[in-house]
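The sequence and structure come first.

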Amino acid sequence: MTATAERPNLSDTQLQEMLGLIKEADSVELKLTVPDQHQRSTVSGLGMDALDAQIRQVFFFDTPDLALDNAGLVVRARRIQGKGNDSVVKLRPVVPTELPGKVRRDPSFGVEVDAMPGGFVCSGSFKNAWTTDTVKDTVAGNRPLRKLFSKEQRAFYATHAPEGVELDELSVLGPIVVLKLKFSPEGYDRRLVAELWFYPDGSRILELSTKCMPNEAFDVAATTRAFLTSHGVDLSAEQKTKTRTALEFFAGHAKQAEEPATVG
């Protein structure tokens, strides 16, 4: 994944690679993170109302040294206001044509290309939904972590996780509180999604996104870019990743907790 601060552009080689991935993907998500100094004006300019947003809690699971992240694996669970819970095991990057046929055909597995100014990544994810508050019970230590994940998710994890890193041994990294708003701003004929992630140190990441089918990705990207630009949204800022920011924050605290206390 590439991110640059000034007018990020893909090279011809990167563009060809992205085209090949999009052709084999199930969906494309166009993403943009808004720099801190422009978040308030963006919220106002696009007519977002925080009272329409849905509250979420996001938990990540990894080792204190982020062994899964370093292997391209993301293991997470969410508690969603009024909607239940879900869990995800995600691998990135992936090449869709290199995935096993059994995995690719599984209805709970999806391939998506995330595209942002100056970069892209293709991921494959197994998702599992819960109607009860299973996540709360699990992070409280009342049930084994592996019980949050389906048989297919556990098999996918076992295939791609570093040797010796078991699901039940992972640390809980989180939660992150998220406000998620789905809205259709005036003058834009699609639905935008805004996610505002609140980190425990007081920092925030505001991400705007829209999903589309692979065959309409470039038309939607052009339309969305023109709309956001006309509303003063900065498209040239350095892009931040919500997941990596969360993992690094909580992993640092997990490492500190593991270190033996010193007597001075």
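Strand β7 (residues 171-183) and strand β8 (residues 192-198) pair in the antiparallel sense over 7 bridges. Within this pair, Lys182 stands opposite Val193 in β8. Strands (E, at least two residues) and helices (H or I, at least four) are DSSP runs, numbered from the N terminus. Two strands count as paired if DSSP finds at least two bridges between them.

The model is predicted, so local features need pLDDT of at least 70 and side-chain atom pairs count only at pLDDT 80 or more, while totals for chains, interfaces and linings use all residues. Residues are numbered from 1 along each chain as its sequence is written, and side-chain values use heavy atoms, with hydrogens and water left out.

Strands of a sheet pair through backbone hydrogen bonds, either parallel or antiparallel. Here 9 strands close into a barrel with mixed pairing, in the order β1-β5-β6-β4-β3-β2-β7-β8-β9. From one strand to the next, the twist averages 30°. Angles run from 0 to 180 degrees between N-to-C directions, and axes are lines fitted to C-alpha atoms, for helices over the stretch in contact.

Strand β2 (residues 54-62) pairs with β7 in the antiparallel sense over 8 bridges, and Ile55 has Leu179 in β7 as its bridge partner. With strand β3 (residues 73-80), β2 pairs in the antiparallel sense over 5 bridges; Arg78 in β3 is the bridge partner of Val58.

Helix α6 (residues 151-160) packs on the sheet and touches β3, β4 (84-91), β5 and β6, where contact means heavy atoms within 4.5 Å. The direction of α6 makes about 30° with that of β4.

**Pockets**

A pocket is an open set of points on a 1 Å grid over the protein atoms alone, where a 1.4 Å probe fits, with protein on both sides within 12 Å along at least five of seven lines; lining residues have an atom within 4 Å of a point. Grid points are joined across faces, edges and corners, and a volume is the space filled by probe spheres set on the points.

| Largest | about 1,200 Å³ | 50 residues |

In the largest pocket, the lining residues closest to the centre are Glu29, Arg76, Arg78, Glu112 and Lys211. Strand β6 gives the most to this lining, with 7 residues.
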